[in-house]
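User: Please take me through this two-chain model by question and answer.
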Amino acid sequence: MFKYLATHLPKVVLAPTAIVMLVCMYGFIGWTAGLSFTKSRMLPQWEFVGLTQYEKLFSNPRWMVALDNLLIFTLLFIFISLVLGLLLAIFLDRKVRGEGVIRTIYLYPMAISFVVTGTAWKWILNPGLGLEKLAHDLGFSNFEFRWLVDQDMAIYTIVIAAVWQSSGFVMAMFLAGLRGVDDNLVKAAQVDGASVIQTYWHIILPLMKPVFFGAVVVLAHIAIKSFDLVQALTGGGPGYASDLPANFMYTFAFSRAQMGLGAASAMVMLGGVLAILVPYLYSELRSKKS
Amino acid sequence: MNNLQYQLGRSFIYSILIGFALLYLAPLYVMLITSLKDVEEIRSGNLIALPESFNFSAWAKAWSSACTGSDCQGLAPYFWNSMRIVIPAVLMSTVIGACNGYVLAQWQFKGSNFLFGALLFGCFIPFQVILLPMAKLLAVLGLANTVTGLVAVHVVYGITFTTLFFRNYYIAIPSELVRAARLDGAGFFTIFWRIFLPMSTPIFVVTVIWQFTQIWNDFLFGVVYSGPGTQPITVALNNLVNTSIGGKQYNVDMAAAIIAALPTLVVYIVAGKYFVRGLTAGAVKG
């Protein structure tokens with residue numbers, strides 16, 4: 001027995017993790033999947049009702065709003081963070097003084113909890129005493145900024161706060177990428193008479209493709225998981241106008257005792273993540289092999 | 001002419017960079033000055049106006065007497081809850097991750113790569129998909145609404161990241177090292193202890209910082225698996241902000257938000273280099 005343990009020590013060390021993962025990840029995913037086919041409400045009950053929960057989910061206006069919001073939020077959040085992050089990285093890469101300090105400032109929001117970010121922006125954007133009042137005091141007496149309490153605009157406040165929090169991180173990724181560009185390439189282009197903008201557009205940016213895809217995957221991942229920011233900034237409101245799928249899942253599974261429906265929404269979220277991840281990992285693996 | 005153009009270009013670059021730096025700093029500045037004003041001053045002044053005098057009473061209130069729901073003890077008890085969750089969870093997940101990473105990088109066996117892939121998947125799943133069964137399991141184990149339960153959850157779902165960090169760090173070490181040590185009669189643990197641990201300080205720092213930030217900032221697990229009295233600070237902060245007994249007190253809200261952010265901010269300022277490294281390692285996923 002002892003000898004067996006000694007020769008199989010690596011496996012023994014890994015075994016607890018493997019078992020825990022098997023249960024707490026794959027087992028639990030299976031459990032949630034199973035639950036999504038039942039009519040469980042307060043407590044799990046294993047009476048199967050086929051796809052009923054999924055049908056209920058996609059005919060629930062609140063879920064459809066959450067999906068729409070996720071689309072708006074993800075696209076804008078990724079697009080703005082990428083543009084801003086790339087721009088700041090390019091400027092920071094032009095051998096500026098105080099680079100370290102500036103970089104630190106761009107990145108610090110990433111260390112903060114989304115709940116803190118949400119709390120801060122909730123105060124800054126509040127219609128009574130926040131930005132609106134500031135603009136009035138500065139003499140723009142007609143300035144109106146009520147996105148936080150506007151059904152159609154609330155989701156954009158979440159974009160603002162999320163970009164503030166995460167764009168510095170995209171900057172750091174691009175900066176690392178830019179530092180890896182071969183100087184000789186740039187010099188050769190300049191010898192050939194290319195302007196700075198042409199050099200960036202035709203030579204450096206194409207080299208940033210892997211960073212670009214990496215950043216998109218990370219940002220999309222942050223977007224799909226976004227829960228705390230919404231909870232802290234708008235509480236999903238006004239009404240449920242700024243709900244995201246994660247907030248929907250939480251509300252229905254835990255506050256409204258609609259376990260089956262909550263499980264179905266979680267499975268759709270998992271499907272969404274896999275839809276982004278699988279092609280990405282597939283292309284990564286293929287490029288590594290070739 | 002050329003020189004002038006250069007000068008113009010430089011000033012353009014600097015003004016953009018500094019302008020954005022100010023934008024990124026603005027929310028922190030607003031939080032800080034708001035926390036130092038009294039309610040009257042907040043109402044009469046504006047977002048960016050400096051307070052007339054520094055008034056720390058909102059901080060005292062946020063720390064020890066503000067209401068989070070029906071309970072009015074300030075953030076202090078929840079701050080310590082978070083510490084009691086974070087410290088054991090960070091230590092345990094880091095140590096387990098180090099052992100796992102060591103095996104996966106240097107003691108590969110048939111199927112170990114598959115295992116690693118299966119583990120890696122855990123870095124990506126949206127946690128919503130495990131929330132319900134985990135709640136059930138914690139209830140069965142009698143750990144629902146306890147600090148211990150939260151520690152366990154953070155360890156389980158933190159291991160994926162910590163294993164990834166250590167595995168990617170140790171994979172760069174040539175396998176001849178282990179082979180030579182084995183020929184000299186050193187065993188599994190001796191090699192880990194005498195050869196691998198002494199060169200692991202950087203990756204330990206990266207992992208501890210990453211886990212500390214992740215767990216301190218967690219809201220999802222906190223809000224689902226804690227009960228009255230065991231909530232972490234992020235949940236308490238959210239409750240504090242949404243409790244409006246006696247009118248909105250933005251100064252207390254802001255002081256509370258800064259208190260909740262302070263530990264991770266301090267870590268970031270002290271060890272920013274390692275923080276960024278963890279961020280990119282965790283993001284690019286090896």
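Predicted model: local features only at pLDDT ≥ 70, side-chain atom pairs only at ≥ 80, totals over all residues.

Analyst: Residues are numbered from 1 along each chain as its sequence is written, while chains are lettered from A and ligands numbered from 1 in the order in which they are written.

User: Which element of chain A gives the most residues to the side that touches chain B?

Analyst: Two residues are in contact if their C-beta atoms, placed from the backbone, lie within 7 Å. On that basis 74 residues of chain A meet 65 residues of chain B. The chain A side has 57 nonpolar, 11 polar and six charged residues (Ala, Val, Leu, Ile, Met, Phe, Trp, Tyr, Cys and Pro count as nonpolar, Asp, Glu, Lys and Arg as charged, and the others, Gly among them, as polar). The top contributor, with 16 residues, is helix 2 (residues 9-35) of chain A.

User: Which helix gives the most to the side of domain 1 of chain B that touches domain 2 of chain B?

Analyst: Chain B is divided into domain 1 (2-55) and domain 2 (76-284), with bounds from an automatic or database domain assignment. Their centres, taken over C-alpha atoms, are 34 Å apart. Eight residues of domain 1 of chain B are in contact with seven of domain 2 of chain B. With four residues, the helix that gives the most on the domain 1 side is helix 1 of chain B.

User: How are helix 4 of chain A and helix 13 of chain A oriented to each other?

Analyst: Axes are lines fitted to C-alpha atoms, for helices over the stretch in contact, and angles run from 0 to 180 degrees between N-to-C directions. Helix 4 (residues 61-92) and helix 13 (residues 245-255) of chain A pack at about 150°, with axes 8 Å apart. Angles under 35 degrees count as roughly parallel, over 145 as roughly antiparallel, 65 to 115 as roughly perpendicular and the rest as oblique. Helix 4 of chain A and helix 13 of chain A are therefore roughly antiparallel.

User: How many residues of helix 12 of chain B are buried?

Analyst: A residue is buried if 20 or more other C-beta atoms, placed from the backbone, lie within 10 Å of its own, exposed if 12 or fewer, and partly exposed in between. What covers the buried residues of helix 12 of chain B includes helix 6 (114-124) of chain A and helix 4 (76-106) of chain B. Helix 12 (residues 233-242) of chain B is mostly covered, and its buried residues number eight of 10.

User: Is Leu265(B) buried, exposed or partly exposed?

Analyst: Leu265(B) lies in helix 13 of chain B. Not counting residues up to four places away in sequence, Leu265(B) touches Tyr108(A), Ala111(A) and Ile112(A). Because Leu265(B) has 18 C-beta neighbours inside 10 Å, it counts as partly exposed.

Definitions and conventions. Helix = DSSP H or I, 4+ residues; strand = E, 2+ residues; numbered from the N terminus.
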